[in-house]
Amino acid sequence: MNAASRIWARLRRTAVVVVGLGLVVAPVSSAKAVPPSASAFTTNDAILKWINGYRHRPDPEQLPSVVRALSAMQAFKAAESSGAYIGFIAGVLGSNVSHAEDLIAKMLPIDPADHWVLVRAIAYSGLPNWRELLATFVDRMATRRAMIDKYLDGKLPRLEQIDFQTDKPGMLDKIKSTLHFGKEQKKAVALQPAPELIDVLWGYYLATGSYVPIQRMIKLLPLANDKDNVDSLTTGSAAKFTLASNAVRDSDLLAMLKWADKSQPKDVKVVLDDVIETAETVDTVHMRQESLAAIEELKTKGPNSKRELSGWGQIGQGALSMGCVVAAATGQIELGIPCVIGGAAYTAGLQYVTH
């Protein structure tokens, strides 16, 4: 498999359109259907079909049977491929406040190694009593006590704690970070954007059909233009591509995107406009090719910021001294320290801002 194929395989793994999960947001007939019995969940296809139609015909009482079947199929073996299921379970729990405790109790008879899925789903559910629920079931999920304690202590992020910061640090910020000047500030616990996060959000949407997970994906769209970080670019591309692909099939989703487009900041709107146009023209192949090319270029050529600094390093005469770096890092550039030098001092100074 060549590099481009590997990149696209990774991108496809990050959303409900991935082949491995088979979850495609598709329109479902509004005709009343007979709910499947627990014995119907014997194949992966049967489970995925039920999940895909759930938001149109919610049937939370079937969730424990589905979770037990998935556990038996070892669907939760790899954390990287479990995101959509976690999001779905979280969405069902969050939409059934009064029944959540009973549903959790009925899901517990699974392989104890899989209890991490339930812990994360409870934490991601958005339930007002999620802490109490984790505390209630901690003894019955003893192998995940450490994980539960970290959520209760606020050391692990919940779904509403996504880090949506898409602005890139300026040159002075990069210098400060590199040289570690100033007081170290403790970083707030936050869920970092990652390809797996897109899975979780789609799972939540499949459980609820609500705008909340779509809104969170929309806020990640500027990452599709990130030229400095492959993971961020892949995450943004996954959000962009899957929103467009699923909006082709889901008219409610497309209407949601058009409604949201009216109130987005410029950096979000420019990408969302592309998503909407792609969905309306069913031109997802072109979007896929663009995403692949952008990711491949970043992997091949490296971050834009480093390329810019490398270009800066070729100037020759104008050079950055260590004194100038220190002044900038400490916010004292106004001291008038001479910054134009040459030779070895310039090279030494530049290396600190190109790492």
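**Notebook: a threonine and some rings**

I began with Thr 278, which counts as buried because its relative accessibility is 5% (buried means under 20% relative accessible area, exposed over 50%, partly exposed in between, with a 1.4 Å probe and protein chains only). I was looking at a predicted model, where local features need pLDDT of at least 70, side-chain atom pairs count only at pLDDT 80 or more, and totals for chains, interfaces and linings use all residues. I kept in mind that residues are numbered from 1 along each chain as its sequence is written, and that side-chain values use heavy atoms, with hydrogens and water left out.

I found Thr 278 in helix α14, residues 266-281 (helices are DSSP runs of H or I, at least four residues, numbered from the N terminus). Leaving out residues up to four places away in sequence, I saw Thr 278 touch Ala 244, Asp 283, Thr 284 and Met 287 (contact means heavy atoms within 4.5 Å).

Next I turned to the rings. I counted 7 aromatic pairs (rings of Phe, Tyr and Trp, the last by its six-membered ring, pair if their centres lie within 6.5 Å; planes under 30 degrees apart are stacked, over 60 edge-to-face, the rest tilted). Trp 50 and Tyr 54 are edge-to-face, because their planes meet at 65°, with ring centres 5.2 Å apart. I noted that Trp 50 is buried at 9%, and Tyr 54 is buried at 3%. Phe 76 and Tyr 85 are also edge-to-face, at 6.0 Å centre to centre and 80° between planes.

I then saw ring pairs link Phe 41, Trp 50, Tyr 54 and Phe 88 into a cluster.

Key. Helix = DSSP H or I, 4+ residues; strand = E, 2+ residues; numbered from the N terminus.
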